[in-house]
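Here is a briefing on pockets, cavities and packing. Have the sequence and the model open alongside it.

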Amino acid sequence: MRAGFDLGLAELRRTLGRMWSSAAALVVLVTLTLMLAGLADALERDSTGVLRSLDADLVVFNEEARLQLLRSRVPAPLGGSLAFVDGVRQAGTVGLVPTSISSGDERFRVTLVGYTSRTPAEPTNLVEGRVPLDGEPGIAAADVRLRDRGIAVGDTVRLASDREVQIVGFVEDTMFLQQPTVWVPQDLWSRVRADAFPEAGWAEALVGATLVRLDPGADGGEVMAQIEAELADLDQDIIDLMDDESDDVADGIAVDVVSMGTALDAIPGVDVQRSTFSVIVALAVAVVGAVMGLLFALLVVERQPVLSTLRAIGATPTTLVVALLFQVGVLWVVATTGGTLATLALSQLVPDAMPLALRPSVVATIAAALLLASAVGASAALRRVIRLDPSTAMQEDAE
Amino acid sequence: MSDHLDDPGGGALVRAEGCTKIYGDGHTSVTAVVDADLTIRAGELFALVGPSGSGKSTLLSMLGALLTPTEGHVRIEDVDVGSLGERKRTELRARRIGFVFQAAGLVPFLTAEENVAAVGAFAGMPRQAARQRAQVLLDELGVADRATHLPAALSGGERQRVAIARALLVDPPVLLADEPTAHLDADRGQQVVELLGAAVHDGGRAGLVVTHDPGVAARADRIVRIADGRLIPTA
């Protein structure tokens, strides 16, 4: 082993020009890969933050909404009713409406989120101030992206319906479909919703979806089935809150109860976006592996006389493989570190409109994928090294 | 029929017994060495001469545990090389056989001293001991001042001296050299042969030199010709 490390290190040290040029090419490719991965991650997070920021396990949509938060309508009292279902620890409601807010001369497109406080519908990622409680009039919490655009705690912003709210806190990572969110109590949200869609005739007590947090150890599948069964035979008073046009009103509420993961995937564009970027990132990773493989294949072909001589004078295949893997590892470290630093630098230069975030988990995932791709790419070179015939040293000029 | 160059006397370190090497099979097979018998004793320098393609390198490779005979046996210090697995053969080469190649065969990215000491690492020698021994050998062979140079910065003669130092690092009982003077002028070639002769005679090693050069062969204790894969005794 030691001899392998020594050989690998010596070659790296004494062929610095070649290794640095190879590393530079790999840094460019890794930077591209990390940019794509960071962009994909940020796009997905900026689409799904509104749900991910909630401490909930299940989401209840009305069936006709087909898991779309903006289309779903469930009675507000549903949260209280579901709290009595076995396995449910707590439930709350959330409603979304796309709108805009004005601050001074500036206007921002946002998603207004109405929620029931101190329930799984309350955002958890508070970074400044506080979030509004139920019944608190005229106050709101906003996503930090709005703070980045100049809004501060204590500022009063005007909603599209000319209602004014004062910002009392900021939450982070709560974006929905690339728009910042503004979180207000449920009753204010209902009024804004009615102002925005007067022709819809929605009842004040209708909200978007119900968020459910399970008891520790509760079986999510069983609870889902139980909720659907309970709602199929629900109190008529609650059913009456539903839209008259609903076919489900006569016998109960037809709902879709899904896990948080399913609800996240159902957010428009998320699934397609993730699949598309996954393929692109996978291709970029494969290119890195191919480049690494080509580099070491050429190196082994060029070094074959030397490697044969080393085998002849007593180097084991393991020694030569360790030397090669050590070099692959060093190049991987240099490429990954350089690529990460370059991506972080570039992320400071890209326009604000372009979401690009390099979270440690993304870097770690890509780094692991690159290491695997590098190892696979170098496998042909490794196989060649393992199969070297030491007797060829007698026929070859090793220099 | 065997070419009987076998010397049954004591002190035999290398012994080939009826060694035949056939490459490939069927109609495409090539017989490189036929029924070769040969013994090299401790302190004896043996010269193997013959034209290109006569089987010299194949025989040397078999004696150096780089190839296994198709038929017959090669014994190094009474160990039948053919009975060893690949790992044991590699270990045998690292610890018991010193090689000197035609073009020195130095690793281009290791200094002269590192090239010599590398064999110590392959043989399991402690790093410091290998470096010290490498320095001593380079000094004895007159290239101590080139210890930190890469092979590209050495002359042909210096490279071969470094290669001899490398071959002697672990004090192996067997020394095999393949055309060690082929790339050297007459004077430097002569010096290299003298160094090899001294390493064999003074160190009590069994030495085999493959050469085209009659001058090199003349310095050997015994000479054998090889033609068409068959050994031919020379007076």
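Just after H3(B), B:Gly124 takes a positive phi of about 80°. This is a predicted model. H3(B) spans residues 112–122 of chain B. Nine of its 11 residues are buried, so H3(B) is largely enclosed by the rest of the structure.

**Helix H3 of chain B**
- The buried residues of H3(B) are B:Ala112, B:Glu113, B:Asn115, B:Val116, B:Ala117, B:Ala118, B:Val119, B:Gly120 and B:Phe122.
- On the chain A side, these buried residues pack against H1, helix H9 (270–312) and H10.
- Within chain B, they pack against helix H2 (86–96), H4 and helix H5 (156–168).

**Domains of chain A**
- The domain assignment gives domain 1 (2–47 + 270–398) and domain 2 (69–266).
- Their C-alpha centres lie 47 Å apart.
- Eight residues of domain 1 are in contact with nine residues of domain 2.

**Largest pocket**
- The largest pocket holds about 820 Å³ of space.
- Both domains of chain A give residues to the lining, so this pocket lies between them.
- The lining has 29 residues, and A:Asp46, A:Arg145, A:Asp352, A:Met354 and A:Pro355 lie nearest the centre.
- Four elements of chain A each supply at least two lining residues: helix H2 (16–52), strand S4 (106–115), helix H4 (144–148) and helix H10 (317–347).
- By class, the lining has 14 nonpolar, four polar and 11 charged residues.

**Second largest pocket**
- The volume of the second largest pocket is about 440 Å³.
- It is lined by 20 residues, with A:Asp6, B:Leu110, B:Glu114, B:Arg127 and B:Arg131 closest to its centre.
- Two or more lining residues come from each of helix H1 (2–14) of chain A and, in chain B, helix H3 (112–122) and helix H4 (127–140).
- H1(A) gives the most to this lining, with seven residues.
- The lining divides into 11 nonpolar, two polar and seven charged residues.

**Largest cavity**
- There are two cavities of 30 Å³ or more.
- The largest cavity has a volume of about 160 Å³.
- Of its 15 lining residues, A:Glu11, A:Leu307, A:Leu320, A:Ala323 and B:Phe109 lie nearest the centre.
- H1, H9 and H10 of chain A each supply at least two residues of the lining.
- H9(A) gives the most, with six residues.
- The lining has 11 nonpolar, two polar and two charged residues.

**Second largest cavity**
- About 50 Å³ of space lies in the second largest cavity.
- Chain A contributes A:Ile313 to the lining, and the chain B residues are B:Arg93, B:Ala94, B:Ile97, B:Gly98, B:Phe99, B:Val119, B:Arg166 and B:Ala167.
- H2, strand S7 (97–100) and H5 of chain B each give two or more of the lining residues.
- S7(B) gives the most, with three residues.
- By class, the lining has six nonpolar, one polar and two charged residues.
- B:Val119 lines this cavity and is also listed among the buried residues of H3(B).

**A:Ser374**
- A:Ser374 is found in helix H11 (residues 360–377) of chain A.
- Its relative accessibility is 1%, so A:Ser374 counts as buried.
- The side chain of A:Ser374 reaches the backbone oxygen of A:Leu370 at 2.7 Å.
- Leaving aside neighbours within four places in sequence, A:Ser374 is in contact with A:Gly289, A:Met292, A:Val328 and A:Trp332.

Definitions and conventions. Residues numbered from 1 in each chain as written. Chains lettered and ligands numbered in written order. Predicted model: local features only at pLDDT ≥ 70, side-chain atom pairs only at ≥ 80, totals over all residues. Heavy atoms only, no water. 1 Å grid on protein atoms, 1.4 Å probe; cavity = no way out; pocket = protein on both sides within 12 Å on 5 of 7 lines; lining within 4 Å. Points joined across faces, edges and corners; volume = space filled by probe spheres on them. Nonpolar A, V, L, I, M, F, W, Y, C, P; charged D, E, K, R; others polar. Domains from an automatic or database assignment. Buried < 20%, exposed > 50% of the residue type's maximum accessible area, 1.4 Å probe, protein only. Polar contact = N/O pair within 3.5 Å; in protein donor to acceptor, adjacent residues only side chain to side chain. Contact = heavy atoms within 4.5 Å.
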